[in-house]
Amino acid sequence: MARIALVTGGSRGIGAAISKALQEQGAQVAATYAGNDERAKQFTDETGIATYKWNVADYDACKDGVARVESDLGPVDILVNNAGITRDAPFHKMTPQHWHEVVDTNLTGVFNMTHNVWGGMRERKFGRIVTISSINGQKGQFAQANYAATKAGDIGFSKALAQEGARANITVNVVAPGYINTDMMSTIPEKVMDQIVGAIPVGRLGEADEIARCVAFLTRDDAGFITGSTLSANGGQYLA
Ligand code: CAA
């Protein structure tokens, strides 16, 4: 039987590459998205991967959404918490709204999704959970006090949960990408972008597929001895 995988923010960018990599690995994949109906429809048409719209920041929406996916496809074996946003600003300009939007999506969203698949994984004694953190949760980043806090929080969350899941054959891991060639980079001013690429030892941005392969590896049935780990894929920019 194919494993059932659920990828949040799974119809664009890194999430789309993850959805496709898991499908290639044999999983039946569902991808969530927050807003872009047109892009999601196009993604489903191209890949056959089912897309579902809900906001990961909303606990009840996650509960209902997971129930819908499970009734359509079957119990979720693999959860990839990929959905994430930035609201960059130097701290003196950061508003409570900037803070809450990022915390609600990047950290509370991970709680909301994981909490709604956890009971089933415990009962069935199998689960693979991978959360996408960031190099900036490991090293900090100017103008990202909110984002860095959430991405560091995702690592602590996963380390704690790895200990709880271990006896039930649920692994909980993190992939920490560096700067990857996606839409998220479009908010960064060009001058800043040149500095960023200059600081990456391999001399280029990463590609979404390079992150997707890390995730696919950690979700395999035979990756059960790897839990609580953080796999950094950042071109050598930060050696955690
Ligand atoms: N380190 C130190 N100083 C910096 C800096 C840095 N990395 N970046 C900008 N500054 C300084 C500028 O030199 C400038 O200084 P002066 O005023 O002395 O000239 C000042 O900060 C800019 O301050 P402003 O008040 O004008 O800033 P702003 O309100 O216009 O905000 C910004 C600009 C939001 C910081 C913008 O420069 C930016 O987006 N920077 C990139 C931040 C970044 O790297 N985000 C990561 C996004 S990618 C991601 O998040 C994915 C992932 O996981 C890797």
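Biologist: I'm looking at two helices side by side. Which residues in helix 3 meet residues in helix 4?

Modeller: Keep in mind that this is a predicted model. To read a contact, list who stands on each side. In helix 3 you'll find Tyr 59, Cys 62, Lys 63 and Val 66, and they meet Phe 111, Asn 112, Met 113, His 115, Asn 116 and Val 117 in helix 4. Sorted by class, the residues of that contact come out as six nonpolar, three polar and one charged.

Biologist: And how do I describe the way they pass each other? At what angle do the axes of helix 3 and helix 4 cross?

Modeller: Look at the distance, the angle and the handedness. The axes of helix 3 (residues 59-72) and helix 4 come within 9 Å, crossing at roughly 40°. Helix 3 and helix 4 are therefore oblique to each other. As for handedness, helix 3 passes helix 4 in a right-handed crossing.

Biologist: Which residues in helix 4 and helix 6 meet?

Modeller: Quite a list! From helix 4, the residues include His 98, Trp 99, Val 102, Phe 111 and Trp 118, and from helix 6 they include Ala 145, Tyr 147, Lys 151, Phe 157 and Leu 161. The contact of helix 4 with helix 6 holds twelve nonpolar, seven polar and three charged residues.

Biologist: One more pair, then. How far apart are the axes of helix 1 and helix 8?

Modeller: Those axes are 8 Å apart, and the two helices pack at an angle of about 45°. So helix 1 and helix 8 are oblique to each other. Helix 1 goes past helix 8 in a right-handed crossing. Gly 13, Ile 14, Ala 17, Ile 18, Ala 21 and Leu 22 are the helix 1 side, and they meet Ala 208, Asp 209, Ile 211, Ala 212, Val 215, Ala 216 and Thr 219 in helix 8. That contact has ten nonpolar, two polar and one charged residues.

Biologist: How do I read a nonpolar core? Which residues touch the most other members of the largest nonpolar core?

Modeller: Here's the general idea: in soluble globular proteins, nonpolar side chains tend to be buried together. In this model the largest nonpolar core has 27 residues, and Ile 18, Leu 22, Val 29, Val 80, Val 175 and Val 215 touch the most other members. At least two residues of this core come from each of strand 1 (4-7), helix 1 (13-24), strand 2 (28-33), strand 4 (78-81), strand 5 (127-132) and helix 8 (208-219). Helix 8 gives the most, with seven residues. There's also a second, separate core of 22 residues, with Val 56, Val 76, Trp 118 and Ala 162 among them.

Biologist: Can we zoom in on one member? Which residues is Ile 18 in contact with, leaving aside its neighbours within four places in sequence?

Modeller: Ile 18 is in contact with Val 7, Val 80, Asn 82, Ile 132, Ala 212 and Val 215, once those sequence neighbours are left aside.

Biologist: Asn 82 is on that list. Is Asn 82 buried or exposed?

Modeller: Check the relative accessibility: under 20% means buried. Asn 82 has 12%, so it counts as buried. Asn 82 sits in the loop between strand 4 and helix 4. Beyond its neighbours within four places in sequence, Asn 82 is in contact with residues including Thr 8, Gly 9, Ile 14 and Ile 18.

Biologist: Where is Asn 173 found?

Modeller: Asn 173 is in strand 6 (residues 170-177), and it is buried, with a relative accessible area of 0%. Its C-alpha is 7.6 Å from that of Lys 159, which is 14 residues away in sequence.

Biologist: And Ser 186, is it buried or exposed?

Modeller: Ser 186 is exposed, with a relative accessible area of 61%. You'll find Ser 186 in the loop between strand 6 and helix 7 (190-198).

Biologist: Last one: backbone angles. What is phi of Lys 125?

Modeller: Phi of Lys 125 is near 55°, a positive value in a residue other than glycine. Lys 125 lies in the loop between helix 4 and strand 5. Ala 143 isn't a glycine either, and its phi is positive at about 75°. Look for Ala 143 in the loop between helix 5 (135-139) and helix 6.

Key
Residues numbered from 1 in each chain as written. Predicted model: local features only at pLDDT ≥ 70, side-chain atom pairs only at ≥ 80, totals over all residues. Heavy atoms only, no water. Contact = heavy atoms within 4.5 Å. Helix = DSSP H or I, 4+ residues; strand = E, 2+ residues; numbered from the N terminus. Nonpolar A, V, L, I, M, F, W, Y, C, P; charged D, E, K, R; others polar. Core = buried A, V, L, I, M, F, W, Y, C linked by side-chain atoms within 4.5 Å. Buried < 20%, exposed > 50% of the residue type's maximum accessible area, 1.4 Å probe, protein only. Axes fitted to C-alpha atoms, helices over the stretch in contact; angles between N-to-C directions. Parallel < 35°, antiparallel > 145°, perpendicular 65-115°, else oblique. Left-handed = near helix turned anticlockwise from the far one by under 90°.
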